[in-house]
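This report is an introduction for someone meeting the structure for the first time. Please look through the sequence and the model before reading on.

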Amino acid sequence: MILDGKAVSAALKAEIAQKVKTLPQTYGRVPHLVVILVGEDPASQVYVRNKSLAVEAVGFRSTTLVLPADTAEETLLGRIRELNADDSVDGILVQLPLPSQIDEAKVIRSIAVEKDVDGFHPLNVAALFQKMPCIVPCTPKGIMKLLASAGIDPKGKRAVVIGRSNIVGLPVAKLLLDANATVSICHSRTANLAEETRRADILVAAVGRPKMITGDMVSEGVVVIDVGVNRDKEGKLCGDVDFDSVAPKASFITPVPGGVGPMTIACLMENTLECFLKRRSG
Ligand code: NDP
């Protein structure tokens, strides 16, 4: 069965849009998300455009700041300081990756933690790992919602996550662990990847290598979450999973596009609303 991220995310965004309608009456305004794009990376431009469209569709205020590729680190940090201090701004998202002259970790640390809609700030990460209230990173949060939407409870299941990045692999492994799965994390030095993936009841692929997970690497009935966004040899969008050989063995599988991607954006909307409400309630 297909895990339809498009449908689940549409329902989540519709729910958020309903809530947004009531906000001006209580708080005098709607949430405001500022997205900063540095440079002209085509994939980043597409992501930023999709985010702004979603922001407007749910009824938030949207601002996109586009800075040239040669922007100095201090200039970007200065803009973020202004946005941190601006009470009309509820969320700040800096689209990654950044040009090489800018230290990404420094930029992430500079965003006010209460406006960190991506959940990448070290204090948010620390809170996530200590099971404290926090902003949960959008992609891992979206994956958990997608599983829940299909009634898939990770409790007692073997979850195998491929990838250990701060934005996907590590946080999704933590969320699966919190949901009582038995979790393995694989990476580029894993000795025998296929041996690990065949053990999975739930397999999350977050690598960035087109179609690397093939049918012989999974067991019958596996739930497959494909996070990868890649281009195949023909230039067509594809995931980390070879859909054609894996889908016949899977009980559930996410398509690319239309799986994890839309969930990430819907969760960004939810995180923006959370930041707004938290700041309003003090
Ligand atoms: P990173 O490049 O930060 O991490 C990739 C991970 O994959 C690393 O941990 C790396 O291991 C591991 N890896 C690389 N090669 C192999 C291999 N041959 N076997 C096993 N593991 C391997 O990527 P991200 O986590 O940022 O993103 C992963 C993918 O997800 C990308 O395609 C990205 O575009 C996509 N993405 C999609 C989103 C969505 O909303 N749909 C959101 C965010 C990302 P090591 O640590 O050892 O280097």
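The sections below take up the ligand and its surroundings, and then some individual residues and peptide bonds.

## The ligand and its shell

The model shown here is a predicted one, and the ligand in it sits in the largest pocket. The ligand is surrounded by 21 residues, and the closest of them are R164, S165, S188, V229 and T264. By residue type, this shell divides into nine nonpolar, 10 polar and two charged residues. Helix α10, which covers residues 260-280, supplies the largest share of the shell, namely three residues.

On its own the ligand has 930 Å² of accessible area, and the protein covers 70% of that.

T254 is found in the loop between β10 (252-253) and α10. Its relative accessibility is 1%, and because buried means under 20%, T254 counts as buried. The side chain of T254 reaches the backbone nitrogen of D226 at a distance of 2.8 Å.

A11 belongs to helix α1, which spans residues 5-27, and with a relative accessibility of 46% A11 counts as partly exposed. Although A11 and A266 are 255 residues apart in sequence, their C-alpha atoms are 9.2 Å apart in space.

## Cis peptide bonds

L96 and P97 are joined by a cis peptide bond, with omega at about 0°, and P97 lies in the loop between β3 (91-94) and α4 (104-110). The peptide bond from V256 to P257 is also cis, with omega near 0°, and P257 has its place in the loop between β10 and α10.

N180 is not a glycine, yet it has a positive phi of about 70°. This residue is found in the loop between α7 (169-178) and β5 (182-186), and its relative accessible area of 49% makes N180 partly exposed.

K211, a residue other than glycine, has a positive phi near 55°. K211 lies in the loop between β6 (202-205) and β7 (223-226), where it is partly exposed, with a relative accessible area of 34%.

Key. Residues numbered from 1 in each chain as written. Predicted model: local features only at pLDDT ≥ 70, side-chain atom pairs only at ≥ 80, totals over all residues. Heavy atoms only, no water. Near = heavy atom within 4 Å. Areas by Shrake-Rupley, 256 points an atom, 1.4 Å probe, with all protein chains shown as cover. 1 Å grid on protein atoms, 1.4 Å probe; cavity = no way out; pocket = protein on both sides within 12 Å on 5 of 7 lines; lining within 4 Å. Sits in = over half its atoms within 2 Å of the grid points. Helix = DSSP H or I, 4+ residues; strand = E, 2+ residues; numbered from the N terminus. Nonpolar A, V, L, I, M, F, W, Y, C, P; charged D, E, K, R; others polar. Buried < 20%, exposed > 50% of the residue type's maximum accessible area, 1.4 Å probe, protein only. Polar contact = N/O pair within 3.5 Å; in protein donor to acceptor, adjacent residues only side chain to side chain.
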